[in-house]
Amino acid sequence: MDYISSLRKYIGTQPIIMCGANVIIINEENEILLHHRTDRDWWGLPGGAMELGESMEETARREVLEEINIECLELELFNVYSGEQLYYKYPDGNEVYNVTVTYLCKSYKGEIKVEKSEGRDAKFYKIDDIPKNISEPVLPIISEYIKKSQNGILKTIL
């Protein structure tokens, strides 16, 4: 987060709009990959903030590779999220209103290797076994994914 860090030098912890991307990675068993964060005891999706000059797809691919060592081969737009429910206050006091572009990925390569500065673990979960401690800004995204997958809507997308 070099860009965001540089902004924080001038504005401190006050709220900013932060654009970023995350990825719902799905394996052959239709399990979803979740990433266990280091800053809180929360599970979420691999992803993060956009850097200057990046496209959203580039952001998504870079963040997944940095966080869990997985290369996304194909990305498909799932949805764009913003608004009050994506407000977040980090443990260090920094406040953000996230604008998050979420992608689906079933085509990827590499073996999961978690970057320890960003996460504790990453693994695939069956929809029925997803942990309860989901990151607040990611909760609406995962909730929508579960709803669509249970209603059969995703079968036409994937």
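Tutor: Of the 158 residues of the protein chain, 46% count as buried, where buried means under 20% relative accessible area, exposed over 50%, and partly exposed in between (1.4 Å probe, protein chains only). This is a predicted model, in which local features need pLDDT of at least 70 and side-chain atom pairs count only at pLDDT 80 or more, while totals for chains, interfaces and linings use all residues. Residues are numbered from 1 along each chain as its sequence is written, and side-chain values use heavy atoms, with hydrogens and water left out.

The protein chain has 4 helices and 8 strands; helices (H or I, at least four residues) and strands (E, at least two) are DSSP runs, numbered from the N terminus. Their order along the sequence is α-β-β-β-β-α-β-β-β-β-α-α.

Now the charges. The protein chain carries 18 positive and 27 negative side chains, and the centres of the two sets lie 3 Å apart. Lys and Arg count as positive and Asp and Glu as negative, with His and the chain ends not counted; the place of a charge is taken as NZ of Lys, CZ of Arg, CG of Asp or CD of Glu. Side chains of opposite charge can pair when their charged atoms come close. A salt bridge is a side-chain nitrogen of Lys or Arg within 4 Å of a carboxyl oxygen of Asp or Glu, and the whole structure holds 9 salt bridges.

One of them joins Asp 39 to Arg 37, with the closest N and O atoms 2.6 Å apart. Asp 39 is partly exposed, at 30% relative accessible area, and Arg 37 is partly exposed at 26%.

Another pairs Arg 61 with Glu 57, where the closest N and O atoms are 3.6 Å apart. These two residues are 4 residues apart in helix H2 (residues 56-68), so about one helical turn separates them. Arg 61 is partly exposed at 28% relative accessibility, and Glu 57 is partly exposed at 35%.

Lys 109 and Glu 71 also meet through their side chains, at 3.7 Å from N to O. This pair links distant parts of the chain, 38 residues apart: Lys 109 belongs to strand S7 (residues 95-109) and Glu 71 to strand S5 (residues 71-81). Lys 109 has 47% relative accessibility and counts as partly exposed; Glu 71, at 36%, is partly exposed.

Finally, salt bridges link Glu 54, Arg 62, Glu 63 and Glu 66 in a network.
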